[in-house]
Amino acid sequence: MAGKKVLIVYAHQEPKSFNGSLKKVAVEELSKQGCTVTVSDLYSMNFEPRATRNDITGALSNPEVFSYGIETHEAYKKKALTSDILEEQRKVQEADLVIFQFPLYWFSVPAILKGWMDRVLCRGFAFDIPGFYDSGFLKGKLALLSLTTGGTAEMYTKDGISGDFRYFLWPLQHGTLHFCGFKVLAPQISFGLDVSSEEEKKVMLASWAQRLKSIWKEEPIHCTPPWYFQE
């Protein structure tokens with residue numbers, strides 16, 4: 001949709017990977033629609049994943065006992081966070097839709113993307129207490145997880161060896177994105193890359209491209225416990 005802004009937070013080391021292809025498809029399709037698309041390629045940026053006191057440029061509020069959450073909250077209010085954090089926060093603030101593109105690592109995100117979430121989605125910027133879930137500061141924005149797995153779709157069912165895929169989405173979609181106020185769209189999961197043929201991968205890419213054509217018409221999921229554990 002013309003005029004919309006999209007941020008793709010991309011976490012894969014290899015541009016020629018399938019994740020790279022999914023990212024490329026998203027950039028091309030959304031750009032065709034007239035969207036402004038920005039990509040944060042975390043590996044090529046050499047993004048710092050560690051949450052440390054180095055993230056605060058000014059004096060600490062309590063130099064005796066360091067608390068990352070407290071200090072970054074105070075630093076955000078004083079505009080005393082490091083420039084890489086501020087730049088990513090600016091991208092998020094400007095975006096109507098944030099797409100996270102990554103391979104599943106240990107039922108979660110790669111460390112570099114976890115670090116992006118830890119450092120960028122700080123208190124004061126993304127949430128406060130009170131001021132979370134439906135009252136989170138990023139309310140009105142959409143978020144979508146596009147991820148790949150080595151295991152097959154059958155493995156990620158309630159009766160499968162890995163359990164329902166919704167179980168591992170709970171801390172990411174609900175505990176992180178929804179907590180910050182995002183309206184969460186259904187995930188795009190490309191299952192079974194380790195056993196998929198080139199033709200099957202082409203079908204996955206085409207399915208992603210087709211979905212993106214109508215992405216702005218989609219309704220968010222009901223990001224509550226029943227969606228993950230009872231449906």
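Modeller: Let us begin with a term: contact means heavy atoms within 4.5 Å. Please bear in mind that this is a predicted model.

Biologist: With which residues is Leu113 in contact, leaving aside its neighbours within four places in sequence?

Modeller: On that basis, Leu113 touches Val9, Ala11, Leu42, Phe100 and Phe102.

Biologist: Which residues touch the most other members of the largest nonpolar core?

Modeller: That core has 47 residues, and the ones touching the most other members are Phe100, Phe102, Leu113, Trp116 and Leu121. Among the elements that give two or more residues to this core are β1 (5–10), β3 (97–103), α4 (111–120) and α5 (165–178). The most comes from α4, which gives five residues. There is also a second, separate core of 22 residues, with Val6, Cys35, Leu97 and Ala209 included in it.

Biologist: Is Glu88 buried or exposed?

Modeller: Residues under 20% relative accessible area count as buried. Glu88 has a relative accessible area of 1%, so it is buried. Its place is in helix α3, residues 83–94.

Biologist: What surrounds the Glu88 side chain, and which residue does it join in a polar contact?

Modeller: The side chains of Glu88 and Lys91 are joined by a polar contact of 2.8 Å. Apart from neighbours within four places in sequence, Glu88 is in contact with Ser40, Met45, Phe47, Trp116 and Val120.

Biologist: How is a pair of aromatic rings described?

Modeller: One gives the distance of the centres and the angle of the planes. The count here comes to 17 aromatic pairs. In one of them, the ring centres of Tyr156 and Phe191 are 5.8 Å apart and the planes lie at 35°, so the pair is tilted. Tyr156 belongs to the loop between β4 and α5, and Phe191 to the loop between β6 (188–190) and α6 (198–213), so this pair ties together parts that are 35 residues apart in sequence.

Biologist: Why is the pair of Phe165 and Phe191 edge-to-face?

Modeller: Planes over 60 degrees apart count as edge-to-face. The planes of Phe165 and Phe191 are at 70°, with centres 6.1 Å apart, so the pair falls in that class. Phe165 lies in helix α5 and Phe191 in the loop between β6 and α6, so parts 26 residues apart in sequence are tied together. Phe107, Tyr156, Phe165, Phe168 and Phe191 form one aromatic cluster.

Biologist: Over which ring does the charged end of Arg166 sit?

Modeller: The charged end of Arg166 sits over the ring of Trp227, 4.0 Å from its centre. Likewise, the charged end of Lys23 sits over the ring of Tyr10, 5.0 Å from its centre.

Terms used:
Residues numbered from 1 in each chain as written. Predicted model: local features only at pLDDT ≥ 70, side-chain atom pairs only at ≥ 80, totals over all residues. Heavy atoms only, no water. Helix = DSSP H or I, 4+ residues; strand = E, 2+ residues; numbered from the N terminus. Buried < 20%, exposed > 50% of the residue type's maximum accessible area, 1.4 Å probe, protein only. Polar contact = N/O pair within 3.5 Å; in protein donor to acceptor, adjacent residues only side chain to side chain. Core = buried A, V, L, I, M, F, W, Y, C linked by side-chain atoms within 4.5 Å. Phe/Tyr/Trp six-rings, centres within 6.5 Å; stacked < 30°, edge-to-face > 60°. Lys NZ or Arg CZ within 6 Å of the ring centre and 35° of its normal.
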